[in-house]
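Thanks for coming. I will take one structure and go through it piece by piece, starting with a loop.

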Amino acid sequence: MNGNSKDGNGEKRIVILGAGPTGLGAAYRLQELGHRNWNIYEATDTLGGLARSFTDEQGFTYDIGGHVMFSHYEYFDKLVDKLLGHDYTQIQREAWVWMMERWVPYPFQNNIRHLPNDVLLECLMGLINAQKEGRDPKAARNFKEFNLAQFGDGICKYFMLPYNFKVWAHPADMMNKEWIGERVALVNIERILCNVIEQKDDVNWGPNNTFKFPLYGGTGGLYARYEPYIKDNLYFNKRATGIDPTAKTVTFEDGDTTHYDVLLNTMPLTELLPMMEGCPESVRAASSDLLYSSGYSIGVGIDRPTATSKCWIYYPEDDSPFYRVTYLSHYSPHIAPPDTTLFLTETSTSKYKPVNEDTILEETIQGLINVGLMKEEERDIILTTKVIPIKYWYPTPSVYRDRGLGVIQPYLMENDIYSRGRFGAWCYEIGNMDHSTMMGVEVINKVLLGEPEQTWKLHDLPDHLEQMPAASAPPEAVGVSADAQ
Ligand SMILES: Cc1cc2nc3c(=O)[nH]c(=O)nc-3n(C[C@H](O)[C@H](O)[C@H](O)COP(=O)(O)OP(=O)(O)OC[C@H]3O[C@@H](n4cnc5c(N)ncnc54)[C@H](O)[C@@H]3O)c2cc1C
């Protein structure tokens with residue numbers, strides 16, 4: 001047992017599993033508060049989790065999907081400032097949709113004036129009909145009904161439904177609408193009509209219309225900078241494989257065990273529950289309410305300058321496997337060698353949307369050509385490619401998610417286990433880097449200072465789901481078999 005602490009003095013022993021943004025936020029806060037009896041254990045040899053980056057031999061640095069850093073929290077902003085100092089770029093978001101052989105500024109719904117006239121008319125009629133029919137987004141029972149009520153049939157047909165299927169790899173009627181918040185620009189029909197009639201682009205919506213990016217090392221460059229603050233309490237290559245909530249111990253792959261008084265888990269809930277001794281069957285079964293998609297982050301580096309002001313582009317059509325491409329080399333001069341371009345593509349997968357791992361790279365390159373980002377002859381100037389398969393990509397906000405979480409989380413907390421972060425909490429709406437970091441910080445504030453958590457909470461079930469029986473089937477595996485860890 002390596003458990004009692006490196007420097008215990010009667011303090012509660014806090015153990016953190018996972019050194020992604022959530023675990024690192026908690027670790028940073030512990031050292032900031034001067035607590036000494038804690039450790040953080042990471043399965044891999046790198047900090048950052050899904051927000052880490054990879055640099056290849058040719059000098060191209062890849063993130064896992066396009067990561068944009070923006071924040072809802074003063075604490076997070078100050079922490080980023082402290083870690084990065086002046087080593088960041090500040091970027092004005094320029095996001096586009098490419099469809100019907102044309103550019104439509106993001107958000108799509110505010111900029112439909114760019115569509116062909118017949119499609120524009122169909123979208124406008126759809127909006128008007130949805131209002132005339134009194135479709136009420138608040139009464140929608142799922143994300144599909146929400147879209148049809150909010151945007152009408154035309155916008156759903158041409159963008160919302162095909163695009164969201166490409167992103168989520170799940171049909172929209174399997175998803176709830178509770179996650180939407182600031183993630184989807186809602187419709188204001190007067191604003192849309194004005195934009196059409198006045199021929200005006202409307203591009204400033206959203207919380208991330210300017211963002212910071214680390215100057216060095218990609219997004220992961222931020223997380224690498226935690227190391228000096230936490231290195232005395234950090235263990236790499238320590239994969240937890242068993243948890244005994246009665247004895248309050250964690251066992252690792254290498255046979256070591258450690259004791260905890262409070263455990264902060266940041267690994268996916270569907271990985272945590274099967275390793276918990278004595279976990280009630282009802283709790284294990286509840287994890288079948290937790291759906292997720294897997295994904296491929298694929299980089300293609302070519303020998304031509306990044307001559308663009310675009311940041312990223314959304315692709316709702318089926319001439320490309322990816323739903324988004326980021327011009328990553330636009331974010332920092334140190335992401336790629338001089339006068340080259342690095343495209344970073346994102347493709348999701350699940351049992352509803354299979355992807356062939358053997359052909360996905362070629363499909364991606366062909367997709368870049370199909371959508372006009374590369375020319376056929378530029379195949380000859382490809383300098384590098386990298387395929388990063390990720391098992392846990394997006395925690396699907398499924399219709400029954402909150403029913404499952406309502407069983408799982410109280411059981412864990414009764415056992416002094418806080419499961420937080422993107423897949424630890426399994427709530428997409430608080431699954432970004434700032435939310436994750438703050439979930440970690442706030443658990444420590446709760447345990448040591450008695451302050452209530454602000455970011456994480458259990459949701460009430462919507463009325464139409466309250467009567468549903470608890471889930472009874474074991475969770476189904478989806479998507480890719482390996483992740484990048
Ligand atoms: C495609 C994509 C795009 C994204 N874009 C953005 C964006 O633009 N902006 C933004 O803010 N956020 C974005 N995110 C979200 C961001 O990556 C997450 O918020 C963040 O990484 C979650 O941090 P976490 O610590 O909760 O989990 P993770 O990052 O998943 O970290 C968990 C850690 O636990 C470790 N671990 C797993 N199992 C074990 C075990 N058994 N024992 C020990 N350690 C273990 C893992 O190795 C990992 O290091 C994006 C994510 C994806 C996938």
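**A loop, a bent helix and a ligand shell**

Asp136 sits in the loop between helix H3 (117-132) and H4. A word on naming: helices (H or I, at least four residues) and strands (E, at least two) are DSSP runs, numbered from the N terminus. Residues are numbered from 1 along each chain as its sequence is written. Please keep in mind that this is a predicted model, in which local features need pLDDT of at least 70 and side-chain atom pairs count only at pLDDT 80 or more, while totals for chains, interfaces and linings use all residues.

Is Asp136 buried or exposed? Asp136 counts as exposed, because it has 12 C-beta neighbours inside 10 Å. The rule is that a residue is buried if 20 or more other C-beta atoms lie within 10 Å of its own, exposed if 12 or fewer, and partly exposed in between, with C-beta atoms placed from the backbone. From Asp136 to Ser294 it is 158 residues in sequence and 32 Å in space, C-alpha to C-alpha.

Next, H4 itself. What does helix H4 (residues 143-168) span between its end C-alpha atoms? The span is only 11 Å, whereas a straight helix of 26 residues would span 38 Å at 1.5 Å a residue. That expected span is 1.5 Å times one less than the number of residues. H4 bends by about 115 degrees at Gly152; the bend is the angle between axes fitted to the seven residues ending there and the seven starting there. Of the 26 residues in H4, 19 are buried, so the helix is mostly covered. Just after H4 comes Ala169, with a positive phi of about 55 degrees.

Now the domains. The assignment, which is automatic or from a database, gives domain 1 (14-53 + 71-88 + 217-290 + 397-465) and domain 2 (106-197). Their C-alpha centres are 35 Å apart. Eight residues of domain 1 contact nine residues of domain 2, a contact being two C-beta atoms, placed from the backbone, within 7 Å. On the side of domain 1 that touches domain 2, three residues are nonpolar, three polar and two charged. For these classes, Ala, Val, Leu, Ile, Met, Phe, Trp, Tyr, Cys and Pro count as nonpolar, Asp, Glu, Lys and Arg as charged, and the others, Gly among them, as polar.

On to the ligand. Which residues come nearest to it? Out of 36 residues around the ligand, they are Gly18, Gly20, Gly49, Gly65 and Gly421. Being near here means a C-beta atom, placed from the backbone, within 6 Å. The shell divides into 14 nonpolar, 17 polar and five charged residues. Helix H1 (21-32) and helix H12 (433-449) each supply at least two residues of it.

Trp426 lies in the loop between strand S19 (417-419) and H12. Trp426 is not a glycine, yet has a positive phi of about 60 degrees. It counts as buried because it has 30 C-beta neighbours inside 10 Å.

Met100, in the loop between strand S6 (95-99) and S7, also has a positive phi, near 50 degrees. Met100 is partly exposed, because 14 other C-beta atoms lie within 10 Å.

Tyr106 and Pro107 are joined by a cis peptide bond, with omega about 0 degrees.

Last, Arg403 is in helix H11 (residues 401-414). Arg403 counts as buried because it has 20 C-beta neighbours inside 10 Å. Arg403 and Asp289 are 114 residues apart in sequence but 7.2 Å apart in space, C-alpha to C-alpha.
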